[in-house]
Amino acid sequence: MSKDLHTGFDETQYPHINQGLAGIVAFSTTKSFIDGAVGELIYAGYNIDTLAENATFEEVCFLLWNDRLPNAEELESLNKSLISERELPSPVIDYIKSTDKSAEPMAVLRTAVSMLADTDPTKGKFDEALFMDQAISITAKIPTIIAAFDRSRKGKDIVAPLSSGSTAFNFLYMLNGEEPGTQAEKTMDLCLILHAEHGMNASTFTARTVCATMSDIYSSVTAAIGALKGPLHGGANTAVMNTLLELEAEGKDADAVAFTKAKLAKKEKIMGFGHRVYKTFDPRGRHLQKMSEALSKETGHEELYKWSMDMLNTMKSEKNIDPNVDFFSASVYYSIGIQPDLYTCIFTMSRISGWTGHFMEQAANNRLIRPRALYVGEKNLPWTPVEER
Ligand code: CMC
């Protein structure tokens with residue numbers, strides 16, 4: 001019997017494994033609160049509905065980094081800092097230009113963020129005095145990386161960032177090479193607000209785990225991007241759009257109800273549905289649903305919204321499962337002309353604020369994150385020489 005001296009944990013007798021760490025409370029946090037039963041989400045004291053109606057993404061960044069809203073002067077100062085940090089170091093631009101057209105956008109983003117560590121004069125030193133500036137710098141550069149990659153892979157000139165305007169405005173400008181309209185900017189800004197923070201999701205847990213080893217903020221964000229990329233997490237929004245495009249390929253009269261039932265009959269998961277914490281409609285999804293409905297009408301893609309609602313109703317009646325944030329965000333991004341394989345990158349552009357907020361929170365009260373596993377293999381087997389195996 002091997003008892004842990006500190007906890008009394010007995011590796012041979014441990015009674016219960018929480019698969020996927022479900023229900024385990026690993027930290028206390030001031031960053032966000034989720035009530036999965038009623039569908040409530042709060043960022044540092046403010047309900048997501050209040051923020052969606054009133055805030056800008058930059059105010060949400062400040063909130064997640066400081067646990068309070070900025071005054072006018074502080075907001076202006078943050079805006080200035082974000083703007084001044086938008087440009088990419090030349091090795092990162094060279095890397096982006098060197099990538100293959102078929103490269104996965106999230107893989108390029110992951111590598112480019114990792115490269116930023118090399119060009120930071122502090123070399124990503126683990127020092128609390130540096131974290132805020134590093135968070136601002138990475139947050140400012142992610143949109144530039146995404147837009148530069150998308151233009152480069154399409155054989156277009158990379159558009160330099162503006163020295164004014166919001167994160168949303170500048171991103172759409174760099175992506176399309178022309179200034180966005182007020183509605184497109186507002187839509188993008190709201191999407192950034194809605195995706196900024198969400199408790200102990202897989203990528204935020206990853207970011208905190210890396211932070212807890214006292215590695216650097218770039219490593220933490222790079223690892224978080226890797227976690228977000230998966231289809232069970234942030235990758236779901238691209239997968240949702242691919243599903244809607246499958247329906248589109250069947251023609252405008254495609255039957256989304258039959259399509260969903262057929263997938264369920266094959267035990268396939270329907271992307272954009274289900275959640276570990278929410279057992280009701282995701283509160284972010286309600287805002288995105290409204291946007292999706294309005295935009296699909298405006299852009300003459302009403303069938304996208306109809307199919308989405310048919311899928312939603314089928315999932316409710318067949319499985320009693322509700323949509324998550326990724327479901328309606330897909331058709332929203334599509335309606336404002338963004339290519340589906342960039343959707344998870346846009347999620348990253350927003351969630352960076354939550355990741356870095358958690359990084360700073362973890363660093364301020366750090367302890368190595370090191371759970372245990374129940375060993376279920378054999379022990380002390382006799383050695384067999386290779387030629388006898
Ligand atoms: N389609 C069909 N069945 C589902 C779905 C779905 N999307 N989600 C859950 N279920 C079923 C699942 O098959 C299982 O049924 P049974 O008990 O009969 O085997 C039951 O519901 C519980 O599912 P689970 O996968 O064990 O639940 P989980 O808490 O481990 O996983 C989840 C949560 C989000 C990974 C899962 O719901 C899922 O795979 N959804 C699709 C991917 C997705 O949309 N991900 C985005 C998550 S939210 C935002 C984000 O993080 O980006």
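Is the crossing of H2 and H6 left-handed or right-handed? The crossing is right-handed, a term for a near helix turned clockwise from the far one by less than a right angle.

This is a predicted model, in which local features need pLDDT of at least 70, side-chain atom pairs count only at pLDDT 80 or more, and totals for chains, interfaces and linings use all residues. Residues are numbered from 1 along each chain as its sequence is written, and side-chain values use heavy atoms, with hydrogens and water left out.

Helices are DSSP runs (H or I, at least four residues) numbered from the N terminus. The axes of H2 (residues 57-66) and H6, lines fitted to C-alpha atoms over the stretch in contact, come within 12 Å and cross at roughly 150 degrees. H2 is therefore roughly antiparallel to H6, the term for angles over 145 degrees on a scale from 0 to 180 between N-to-C directions. Contact means heavy atoms within 4.5 Å, and the residues that meet are tabulated here.

| Helix | Residues meeting the other helix |
|---|---|
| H2 | Phe-57, Cys-61, Trp-65, Asn-66 |
| H6 | Met-132, Ala-135, Ile-136, Thr-139 |

The largest nonpolar core has 102 residues; such a core is a set of buried (under 20% relative accessible area, 1.4 Å probe, protein chains only) Ala, Val, Leu, Ile, Met, Phe, Trp, Tyr and Cys residues joined through side-chain atoms within 4.5 Å. Its largest share, 11 residues, comes from H6 (residues 128-153). At least three core residues come from each of domain 1 (32-230 + 341-364) and domain 2 (236-335), bounds taken from an automatic or database domain assignment.

Note on methods
Buried < 20%, exposed > 50% of the residue type's maximum accessible area, 1.4 Å probe, protein only. Helix = DSSP H or I, 4+ residues; strand = E, 2+ residues; numbered from the N terminus. Parallel < 35°, antiparallel > 145°, perpendicular 65-115°, else oblique.
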